[in-house]
Amino acid sequence: MTKLNSKVPTGVPLKDKWIHHKDKIDLVNPANKRNIDVIVIGTGLAGGSASATLAELGYNVKAFAYQDSPRRAHSIAAQGGINAAKNYQGDGDSSYRLFYDTVKGGDYRSREANVYRLAEVSANIIDQCVAQGVPFARDYGGLLDNRSFGGVLVSRTFYAKGQTGQQLLLGAYSAMNRQIARGKIEMHNRHEMLDVVLVDGKARGIIARNLVTGEIERHSAHAVVIASGGYGNVYFLSTNAMGSNATAAWKAHKKGAYFANPCFTQIHPTCIPRSGDYQSKLTLMSESLRNDGRIWVPKKMEDVHAIREKRLKPTEIAEEDRDYYLERRYPAFGNLVPRDVASRAAKERCDAGYGVNKTGEAVYLDFQSAIVRYGKEQANIHGIHNPSHAKIVELGKKIVEEKYGNLFQMYEKIVDDNPYETPMMIYPATHYTMGGLWVDYNLMTTVEGLYAIGEANFSDHGANRLGASALMQGLADGYFVLPYTIGDYLSDDIRTGEISTQTREFEEAEKAVRDRIDFFLNNDGAHSVDYYHKKLGKIMWDKVGMARNAKGLDEAMKEIKELREDFWKNVKVPGDGHEMNPELEKAGRVADFLELGELFARDAYERKESCGGHFREEYVTEDGEAKRDDVNFAYVSAWEFTGQPSEAVLHKEQLEFKDIELKTRSYK
Amino acid sequence: MSRFYSSSVGRKVFMALSGFFLLFFLLQHFLINFLSVFNKQAFNDASDFMGTNPFVQYALQPVLFFGIIYHLIMGMYLDAKNKGARSVKYAKNNAAANASWMSRNMIITGVMILLFICLHMVDFFFPTIKAHYITHEHLDSYEMVVAKFANPVYVLIYVVAFVFLALHLLHGFQSAFQSVGFNNRKYTPAIKKLGNIYAIAVPVGYMFIAVFHYINSL
Amino acid sequence: MNLTLKIWRQKNSQAEGQMVEYKVTDISEHMSFLEMMDVLNEQLVNKGEEPVAFDHDCREGICGMCSMFINGEAHGPDRGVTTCQLHMRMFNDGDTIYIEPFRAKAFPVIKDLVVDRTAFERIQQAGGYISVNTSGNTQDANATLISKEDADLSMDAATCIGCGACVATCKNASAMLFVGAKVSQYALLPQGQIEASERVQNMVKQMDEEGFGNCTNTGACEVECPKGISLENIARMNRELIKASV
């Protein structure tokens, strides 16, 4: 238990902790930084910003990405925006308020001091990004514009059209390019980290595979930073990129880094539903749509059948035969309840048999009333008296198009249905993982010299992440937190000199990697990697998905174990190892997911409460809402690997809430 | 500046500048030719002026030659270089889906125009130069024009050549503006329209002159 | 629907490649093009053959990784989409579909449909950034006013996903739309002015060294660009270079 020292500064008030900490920690002098190497795995917002900043400070950075360019990391897909407590709108925002919203939104399962620091540095991110040339949206006066997002009472979200993640990543990427050109970052595109190498208990390097030539390479450094994102692809279908994987984090876990809160996963309520078994991924429709869309399913079962058989169109169902279930259940917040609540409610209706597509897993998101409401407003503005219904609809559509045009177009391209005429069909999908490698206040894992930042760590979002906070955390960690805190550790390494890769530790790690690759290529199996990945995804979704119970979780653990054993007997990987081989890449990733999935289920089993994205059917209030247990479960579960996921040892970091009062979230 | 000139962008800017000069030349040449439709004397006077004025002869004419040769050689050089930028061709390329025939075949229309210019030099330019500087006899330009266009084969060649010129200009006119960096939401649509008018009206005008003299000769 | 696919197969960058014919059956019109490729690959793996290598990642049209030349067009016959957003309803039962890698001397084939686009990386490293340290000690984000029009135009240029469709489409394999977009994003913002002249000169120089062709203003890139990047950006780059040089 001694290993879980959060290192949160003590003896100073919450708001002074970070300043105080920065003043006290050790620094490395500029001349010595030149002799220190840092490896960064992943080049999304966290990894990209960390690489650029560490290189600017003078460290020699070796950055790794499995894509062909740092710019393609999946941070690029974030749509809505980035939060920052700038209070430009003068609506009473502050660091404290952002901190409060984040802790509350996370259902009181995050670490107070980390979240406060996040809120504190958030404003700096915007200054930094503007200086880098990120073209945030502006108003006609030339000032930065803001929008509001779910779960908060202020407008603090900065955005660049529906492509905020892209623009922020390109900003970090441009900062990286500057350092690559200076030779301070050695960029390894199309490389995948396959193991971390520990020397004397410290992370001193990695084994990576060149995905073009198949070469297995050794890279050494004085510290290793994991910024490889989340593990949402354990579900097979998610909004993550196809290549998003947990291998780097999982290898770190197997080498001694504790894995925290794996069961905290965010299921995003508004995604385009699955259309068939061939489906490879799910596409998110921005949360902003719920500002104007009303979610419903038919009230009568015969209507549901008629719709599925295409005998009836949704527009033909009378108003009184529709069940606007969010408005019915949560009159105060209606369609704007937080993500976890909206997702569960959709699942509840579909499980009851009211799903409106052929798979039975879809609900309607209807813009008709918004179109009419905007249309009437426009008619008034334009002084049109007694407008016809057609005129109102025409005017209303124009406004809806201005607001959501690109999303509607994206929907139409995918589904081939016009959302201006018929309601959209949506269903929840895995989107983000709040859990990840356990880190202390310095973002160091339980392995010395091994750091985890961005979605790869666990620290800031608790059991549920608020919209527009992932970008904020990635950049905060990479630009403003890690570059300082890593110095505290590296200051002991100024006399170490270059780490040799010609040591027993590197040799052993490389051999293990080679053995595993050889196994895959030589195994005379019967099933493709995807066959196993899809099976794993199904178990995860059915039993460790939006609603979980002890029986299902118990079954899931067993089934995943069996599936894993079958995988190691029967997986088939064609091609060879000395060239590009996408099947081989997938095999390694799925092998790790098959272990992570079991630990995930186990964590969900052990956490006998409902909170945020983790909903246990046994722990509900009388009216079916999540019931948190602060007395017994206000802790971070940090799992230590001991050989098998089923034998992982649970360590608990008790969470303390000194500056915030624990309350039950209610959206009624 | 030499760095600019040797850059891809620099070269295309100079292609455009020589193109602008040729556009101007084409227009003034047309206006003089057009005089032959109404007034023999005016045409001959204008032709004599162009043929004897020292500024035209020793300043504008060399510039014109340089412009044509530059436009030509640079065009061929860039085309060869551009072809080299894709060593393996596509098995299937649906180029018509995204760009006009004219824009994709400037080299073809250009070479056809070049061939015509050669013919034109042999027919008109060299005799004029010879008369002015070697034999020192007075040429009646009008009669020369009328004689040439009495031949229907010549008229046909002439017309075909100007079809190629029209095709070349349909892309070239607006392309030159784009190359020198003039692309503006407000004015570009107007430039494109003007380009299309120029690209059709001027060649059609030239064709008209040839056909007019042919019909007159019948 | 049932389809015949003619796909470029090439074992590695050194090997000779060729078009190989495959058949796929029972393709749903709701599949994305890449899901159709998944079906083919699953079929090949089950037969013990090597699947077709192709680049893809986000599958929602933003990462810029996917890069196929389908039936003679970059990202296929639909407009404003990447290959991963292209759906099979754009094709008919019985069609023959040609699938080739993006072709340019500056984009050598790595394997099958995967090409090496690091030329784009080097162009950006040559100057596609603003030289500001990430210390956070910059001025307040609202200290400099930027007109909405310029901010929006800059954003339009910045939406480029770096997929290379412009190069693949251009008859000259020119990269000017890509470079023009990058130059424009910074040229339109006050933050980018200080280094504007160095930036455009260095980026154009690197572009030329990479072996891309020259722009002849055919406009094909603009039509095929999945993000609708405008030709105005090339004109702006030309202007910037003229300004920087005279």
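Two residues are in contact here if their C-beta atoms, placed from the backbone, lie within 7 Å. With that cut-off in mind, open the predicted model and colour it by chain, then select chains A and B together: no contact joins chain A and chain B, and their closest C-alpha atoms lie 20 Å apart. Of the 2 pairs of chains that touch, the pair with the most contacts is chains A and C.

**Chain B by itself**

Buried residues make up 28% of its 218 residues, and among the contacts in chain B with a separation of 6 or more, 81% are between residues 24 or more positions apart.

**From chain B to chain C**

Bring chain C back and select the residues at the boundary, where 36 residues of chain B are in contact with 40 residues of chain C. On the chain B side, the elements that give two or more residues are helix H1 (2-6), helix H2 (8-38), helix H4 (54-84), helix H5 (101-104) and helix H8 (152-179) of chain B. The largest share, 5 residues, comes from H2(B), and by class this side of chain B has 15 nonpolar, 14 polar and 7 charged residues.

**A helix at the end of chain C**

Select residues 232-245 of chain C next, which form helix H8 of that chain. Is H8(C) largely enclosed by the rest of the structure or largely open? Because 10 of its 14 residues are buried, H8(C) is largely enclosed by the rest of the structure. The buried residues include C:Glu232, C:Ile234, C:Arg236, C:Met237 and C:Leu241. What covers the buried residues of H8(C) includes H1, H2 and H8 of chain B, together with helix H3 (148-158), helix H5 (176-187) and helix H6 (196-209) of chain C.

**The two domains of chain C**

Now colour chain C by domain, with domain 1 at 3-111 and domain 2 at 117-245. The C-alpha centres of these two domains of chain C lie 29 Å apart, and the contact between them takes 18 residues from domain 1 and 17 residues from domain 2. The side of domain 1 that touches domain 2 divides into 9 nonpolar, 6 polar and 3 charged residues.

**Across to chain A**

Show chain A again and select the boundary with chain C, where 67 residues of chain C are in contact with 66 residues of chain A. The elements of chain C that give two or more residues to this side are helix H1 (33-46), strand E6 (109-111), helix H2 (118-125), H3 and H5. H1(C) gives the most, with 7 residues, and by class this side of chain C has 25 nonpolar, 27 polar and 15 charged residues.

**Last stop: the largest core**

Finally, turn to the largest nonpolar core, which has 320 residues and in which those with the most contacts are A:Val225, A:Ile226, A:Val363, A:Leu437 and A:Tyr451. Centre the view on A:Val225 and, leaving aside residues up to four places away in sequence, pick out the residues that A:Val225 touches: A:Val38, A:Ile39, A:Val40, A:Ile41, A:Ala50, A:Tyr451, A:Ile453 and A:Leu482.

Conventions: Residues are numbered from 1 along each chain as its sequence is written. Chains are lettered from A and ligands numbered from 1 in the order in which they are written. This is a predicted model: local features need pLDDT of at least 70, side-chain atom pairs count only at pLDDT 80 or more; totals for chains, interfaces and linings use all residues. Helices (H or I, at least four residues) and strands (E, at least two) are DSSP runs, numbered from the N terminus. Ala, Val, Leu, Ile, Met, Phe, Trp, Tyr, Cys and Pro count as nonpolar, Asp, Glu, Lys and Arg as charged, and the others, Gly among them, as polar. A nonpolar core is a set of buried Ala, Val, Leu, Ile, Met, Phe, Trp, Tyr and Cys residues joined through C-beta atoms within 7 Å. A residue is buried if 20 or more other C-beta atoms lie within 10 Å of its own, exposed if 12 or fewer, and partly exposed in between; C-beta atoms are placed from the backbone. Domain bounds come from an automatic or database domain assignment. The expected span of a helix is 1.5 Å times one less than its number of residues.
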